[in-house]
Amino acid sequence: MLDAAVRLLAERPDAGMAAIAAVADVTRQTVYAHFGTRDALLDAVADRITDQAMAAMDEAEDKSGSALDALLRLQDIGWRLFERNPVLLQVGSTRAGVDADLARHEPVAARLARMIEKGQASGEFAPAPPATWLAAAVTALGHAAGDEVRAARMSVEEAATWLRTATLALLRSG
């Protein structure tokens with residue numbers, strides 16, 4: 001059911017529970033029995049996509065190269081998932097969704113902080129401010145880029161380009 005929801009919502013982000021049930025070959029009541037609300041289903045979909053992102057990030061982080069290369073690979077992975085899953089624009093719109101979204105970001109923020117610390121130690125990035133603060137700032141830039149896409153002021157490609165530019169400026173300043 002969740003796999004069907006991920007597939008359908010990638011194509012039709014506004015698909016309702018009945019459409020998801022039809023694709024999953026179950027009744028609408030079955031979907032509601034498992035998820036309760038569309039917001040609960042969206043959170044489960046976001047969790048599934050986050051799991052996929054973390055697996056891709058594990059692979060990207062294992063590749064050799066500089067901390068900057070690894071960080072930019074992570075951003076590219078995030079934007080490819082965002083592009084393939086426009087339903088992510090809807091996640092986090094409720095208070096419960098915001099809390100779940102914050103929890104989803106914790107392992108990503110920890111990974112970013114580790115990469116930034118590596119870059120600071122090698123001299124690729126400015127030694128201050130602290131890596132945890134820079135990771136939070138990079139994440140906030142990512143959210144701002146997503147907000148621009150959601151508001152239709154930028155395309156996904158434009159937002160990804162400006163996110164990369166702003167990230168480089170932030171990490172190399174000091």
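This is a predicted model: local features need pLDDT of at least 70, side-chain atom pairs count only at pLDDT 80 or more; totals for chains, interfaces and linings use all residues.
Residues are numbered from 1 along each chain as its sequence is written, and side-chain values use heavy atoms, leaving out hydrogens and water.

**Exercise 1.** Find how many helices and strands the protein has.

*Solution.* Go by DSSP runs, numbered from the N terminus: H or I of at least four residues for helices, E of at least two for strands. You get 8 helices and 0 strands.

**Exercise 2.** Work out what share of the 174 residues is buried.

*Solution.* Take buried as under 20% relative accessible area (1.4 Å probe, protein chains only). With that cut-off, 39% of the 174 residues qualify.

**Exercise 3.** Describe how helix 5 and helix 8 are oriented.

*Solution.* Start with the axes, lines fitted to C-alpha atoms over the stretch in contact, with angles from 0 to 180 degrees between N-to-C directions. Those of helix 5 (residues 67-84) and helix 8 (residues 156-172) come within 11 Å and cross at roughly 155°. So helix 5 is roughly antiparallel to helix 8 (angles over 145 degrees).

Next, pick out the contact residues (heavy atoms within 4.5 Å). Helix 5 brings residues including Leu68, Trp79 and Phe82, while helix 8 brings, among them, Leu163, Arg164 and Leu171.

Finally, sort by class: the contact has 11 nonpolar, 2 polar and 5 charged residues. Here Ala, Val, Leu, Ile, Met, Phe, Trp, Tyr, Cys and Pro count as nonpolar, Asp, Glu, Lys and Arg as charged, and the others, Gly among them, as polar.

Terms used. Buried means under 20% relative accessible area, exposed over 50%, partly exposed in between (1.4 Å probe, protein chains only). Angles under 35 degrees count as roughly parallel, over 145 as roughly antiparallel, 65 to 115 as roughly perpendicular and the rest as oblique.
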